[in-house]
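Please read them alongside the structure below.

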Amino acid sequence: MAILVTPQSRILVQGITGDFGGRHAKLSLDYGTQVVAGVTPGKGGQFFEHAGHKVPIFNSVADAARETGATVSAIFVPPPFAGDAILEGVAAGLDLAVAITEGIPVKDMIRVKRAMQGSRTRLVGPNCPGVVTPGTGENSKGGCRIGIAPGYIHKKGRVGVVSRSGTLTYEAVFQLTSKNIGQSTCVGIGGDPVNGTSHLDVIRLFNEDPETVGIIMIGEIGGSAEVEAARWIKEHCKKPVAGFIAGATAPAGRRMGHAGAVIGGAEDTAAAKITVFRECGIEVATTPSDMADALIRAAQRAGVTLS
Amino acid sequence: MNIHEYQAKALFQKFGVPVPQGAAARSAAECDTALASLPEGPTMVKSQIHAGGRGKGTFTDGYKGGVKFCKTKADARGIADKMLGNTLVTAQTGPAGRKVQTVYFTVASDIKKEYYLAILLDRATSRPVIVASTEGGVEIEKVAHETPDRIHKVAVDPAYGLADFQVRELIFKLGFNPTEAKNAAKLIRSLYQMFWDTDASMVEVNPLITTPDDQVLALDAKVSFDDNALYRHPEIVALRDLNEEDPKEIEASKFSLSYIALDGNIACLVNGAGLAMSTMDIIKHYGGNPANFLDVGGGASKDQVVAAFKIILGDPNVKGIFVNIFGGIMDCNVIATGIVEAVREVGLKLPLVVRLEGNNVAAGKRTLAESGLTIVSGDTMADAAQKIVKLVG
């Protein structure tokens, strides 16, 4: 089944005529993803063409969704306009909006998140690599790739990956695939302090997903989202979980690249989070090279076959 | 982005948050003008650096205290001479300290009681939260740890804004008398407005004080802003003080590199913030010490790599370099070519370990191997980290 998206999901791209959005729309089309519409205000009626694909462009998300049946949006809109772009997807009643954009003002996201309360749309991101549900073709083609992750490193399978960091997600996925362990869905929830979907939200979905048999959770310094997820895992999660926290050597008070990666107090250091992981029965990866192996250890202990 | 206390207090005043009368000075001549604008009487002299702990700090020439009470303006003038141009070391500056380029004179207030007041983002609820305490003038982390019942918080609904009942809740919990309560309510409202309108990420007033005549004043002010929102606040950007930032970090930002200096000797160059952080961690794990955080972003062009090498080599502590690139979409061979060119251009003499993985990695590794340069290749992050730690010794 996978979570959030399947290879059949119909995707629209907000900002498809920009460099960034266009480049990744092409890569998603190459991957076999159903990119069925683009949205760029003022360019409605034009087409986005690539390798035999002719994707219609609309002036609004509502038009695109109505005309093409798209239910999921990938947002590549520049930061000053990205909050508005998310709300447009919400107003159009999409199932899922995935905001790739990095650098959205925190205040904009505070307001967007409040405005989304009670809506049917789920937001993933912002400042995230996106969501990949691998396909069954060569190099996992035929899957659903939303965002900027390299599709070819994936392999269809039964491990769920959730992470705040893009390159660390790729690292984990690459380790799994190299060991012939495939993934059900890989979700980048983003590195910002205010985001739409938390570690816990994704862990709950993986826990309910019959296809997923094991989970890798990757976090970093700042905030308490990983701790909240770990405590829930201890009480409710039926599947083996491996965890990694980046930033053990980060100095307090400095923003480490990601807007949300800053140590605010004793509770949100890497050491504090790792301690909670251990208390909650999560197998901790001692280095980033150890993420797949940590899950293998957890699975062996639980008697679960990952591949 | 951080600003100085005197700049923060000017913003406070603009939004109607009362502060003691004060004036800043950057030179001896400006000290005279600044003091002339203040009434005769007890005066505070405050070193203006971005780090906290100024009062308990020590200057590198042995003079103690970056914040001083003086009975007269003439005394304050003498103290300012000792501080200006002197380097202040506090618990937050590191041993190098910070050069005091500005002093701030304020009228010394009569203090009846000290409180704590701050506004910041509550990540758990994605709302601004106002934090207040009757325990002012001390480390709030300590209060939170030892007497959590003395910390009061209200989260503000961004759809409605700060509600009157929430202001009343704080006022009652802090135990103000009726006149103080009226003044404090106005101050809290004004401070929240400033936080919201300027895209601040944190506003901290420690201490907030009451005076014998029931005035409520912000005696100190610490403000930082959301970097993502600076594009819409040119008036805030104008307050940036480059003297307070590491020159290497400023240089890095010109090339869209995210760089933070640390005190180890193994420099890292990595693509992606999470991978960059964990590269530092893995160096430490194998017994080394990272010299920096450096994220070249997803692209890692040749120009960026050259600029990154130059910045890294500007740190005299660096004894070796660890390049860790996961080329997801980027062609690893393009990155390898960039690394080779950068090494030639800067004439690198230090040990260099490169771990390259991802798209077209075989060609990338070949380019490194055939370059004729002494570049050590690492197969995994763990392998590469152990190699650089060993080479640096």
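1. In which sense do strand S10 (residues 156-163) and strand S11 (residues 183-188) of chain A pair, and over how many bridges? The two strands of chain A pair in the parallel sense, over five bridges, where pairing requires that DSSP finds at least two bridges between two strands. One such bridge joins A:Ser163 to its partner A:Gly188 in S11(A).

2. On provenance, this is a predicted model, in which local features need pLDDT of at least 70 and side-chain atom pairs count only at pLDDT 80 or more, whereas totals for chains, interfaces and linings use all residues. Residues are numbered from 1 along each chain as its sequence is written, while chains are lettered from A and ligands numbered from 1 in the order in which they are written.

3. The pair S10(A) and S11(A) belongs to an open sheet of seven strands in chain A, with the order S9-S8-S11-S10-S12-S13-S14 and mixed pairing. Strand S9 (144-147) and strand S14 (283-284) of chain A are the edge strands, each pairing on one side only. Helices and strands here are DSSP runs numbered from the N terminus (H or I over at least four residues for helices, E over at least two for strands).

4. Helix H5 (residues 166-178) of chain A lies across S10, S11, strand S12 (214-220) and strand S13 (241-246) of chain A, and runs at about 155° to S10(A). Angles run from 0 to 180 degrees between N-to-C directions, and axes are lines fitted to C-alpha atoms, for helices over the stretch in contact. From the other chain, H9(B) lies across S12 and S13 of chain A, at about 85° to S13(A).

5. The axes of H5(A) and H9(B) come within 5 Å and cross at roughly 75°, which means that H5(A) is roughly perpendicular to H9(B) (the term covers 65 to 115 degrees). A:Gly166, A:Thr167, A:Leu168 and A:Glu171 of H5(A) make this contact with B:Gly274, B:Leu275 and B:Ser278 of H9(B), contact being defined by C-beta atoms, placed from the backbone, that lie within 7 Å.

6. Taken as a whole, the contact between the chains takes 42 residues from chain B and 45 residues from chain A. H9(B) gives the most to the side of chain B that touches chain A, with 11 residues. By class, that side of chain B has 20 nonpolar, 13 polar and nine charged residues, where Ala, Val, Leu, Ile, Met, Phe, Trp, Tyr, Cys and Pro count as nonpolar, Asp, Glu, Lys and Arg as charged, and the others, Gly among them, as polar.

7. Within chain A, helix H7 (residues 225-236) and helix H8 (residues 270-279) pack at an angle of about 5°, with their axes 9 Å apart, and H7(A) is therefore roughly parallel to H8(A) (under 35 degrees). A:Glu226, A:Val227 and A:Ala230 of H7(A) meet A:Lys273, A:Val276 and A:Phe277 of H8(A).

8. The largest nonpolar core has 160 residues, of which A:Ile75, A:Leu295 and B:Leu294 touch the most other members. Such a core is a set of buried Ala, Val, Leu, Ile, Met, Phe, Trp, Tyr and Cys residues joined through C-beta atoms within 7 Å, and buried means that 20 or more other C-beta atoms lie within 10 Å of a residue's own. Leaving aside neighbours within four places in sequence, A:Leu295 is in contact with residues including A:Val159, A:Ile216 and A:Leu306.

9. As for chain B overall, 44% of its 393 residues are buried, and the chain has 13 helices and 19 strands.

Note on methods: Two residues are in contact if their C-beta atoms, placed from the backbone, lie within 7 Å. A residue is buried if 20 or more other C-beta atoms lie within 10 Å of its own, exposed if 12 or fewer, and partly exposed in between; C-beta atoms are placed from the backbone. Angles under 35 degrees count as roughly parallel, over 145 as roughly antiparallel, 65 to 115 as roughly perpendicular and the rest as oblique.
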